[in-house]
Amino acid sequence: MKIRVVAVLSVLVFLLTLGCAAKIKRNFLNEPYRSKEISAALTITGIEVVDGRTTVDTATLIIPRFTFKKVGDTIVPPLSAEQVKIIKDEIAHYASGGKTSVRVKATIKTGIKEYSMGFFYAREYAGADVTIELLDTLHNTLLFSTTGEAGNEVKSTRADTVFLESLYRKVLKTCVYKAFESIKEFMEKRTKEENH
């Protein structure tokens, strides 16, 4: 009888723990990464996204569903088609049009996913640096270059690969946003100089 009660209580605690972890993660992903809307006076004629990292991990990150001992791993994930689309969409979002016509080159300089997990404890982290270059469409010259950096850490009771990928994608969006904060300032300054 005691064993049955302990087993039932263990299952209830485990399910409650999973629910808490899911709520923490959902709330974090719903937090805005843009502190304000940015609009850069640019007409974008093309966007290229490249992986500037010298090595990436081809092995898939495997996170155990449950563990009593401390485990963890860090990987440099390859650039996926979904991540390229996210970066391109994010760049296009900030261009409001204008007489300055550019090609944009986005280079991932660093990008990692990592986790550590023990009994009822988990830490998930994603970090990246993305360099954005504005290349004059007519003369193919570099107008401006800047790097956006971001890192997000979430602590809960359980780690999982799906959330870690979502966290990494949010980091990539944040990197582009931070780069465009500088690009917006550059374009405003350039417009003022051209009007004087």
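Biologist: To begin with, what percentage of the residues in the protein chain is buried? And then, how do helix 2 and helix 3 cross?

Modeller: Happy to walk you through it, and please keep in mind that this is a predicted model. Of the 196 residues in the protein chain, 38% are buried. Counting contacts with a separation of 6 or more, 80% are between residues 24 or more positions apart.

The secondary structure consists of 3 helices and 5 strands, and their order from the N terminus is α-β-β-α-β-β-β-α.

Now to your pair of helices. Two packed helices are described by the angle between their axes and by the distance between those axes. Helix 2 covers residues 81-94 and helix 3 covers residues 161-194; their axes come within 10 Å and cross at roughly 30°. Angles under 35 degrees count as roughly parallel, so helix 2 is roughly parallel to helix 3. The crossing of helix 2 with helix 3 is right-handed.

As for the residues that meet there, helix 2 contributes Glu82, Gln83, Ile86, Ile87, Glu90, Ile91 and Tyr94. Their partners in helix 3 are Glu165, Tyr168, Arg169, Leu172, Lys173, Val176, Tyr177 and Phe180.

Conventions
Residues are numbered from 1 along each chain as its sequence is written. This is a predicted model: local features need pLDDT of at least 70, side-chain atom pairs count only at pLDDT 80 or more; totals for chains, interfaces and linings use all residues. Side-chain values use heavy atoms; hydrogens and water are left out. Helices (H or I, at least four residues) and strands (E, at least two) are DSSP runs, numbered from the N terminus. Buried means under 20% relative accessible area, exposed over 50%, partly exposed in between (1.4 Å probe, protein chains only). Contact means heavy atoms within 4.5 Å. Axes are lines fitted to C-alpha atoms, for helices over the stretch in contact, and angles run from 0 to 180 degrees between N-to-C directions. Angles under 35 degrees count as roughly parallel, over 145 as roughly antiparallel, 65 to 115 as roughly perpendicular and the rest as oblique. A crossing is left-handed if the near helix is turned anticlockwise from the far one by less than a right angle, and right-handed if clockwise.
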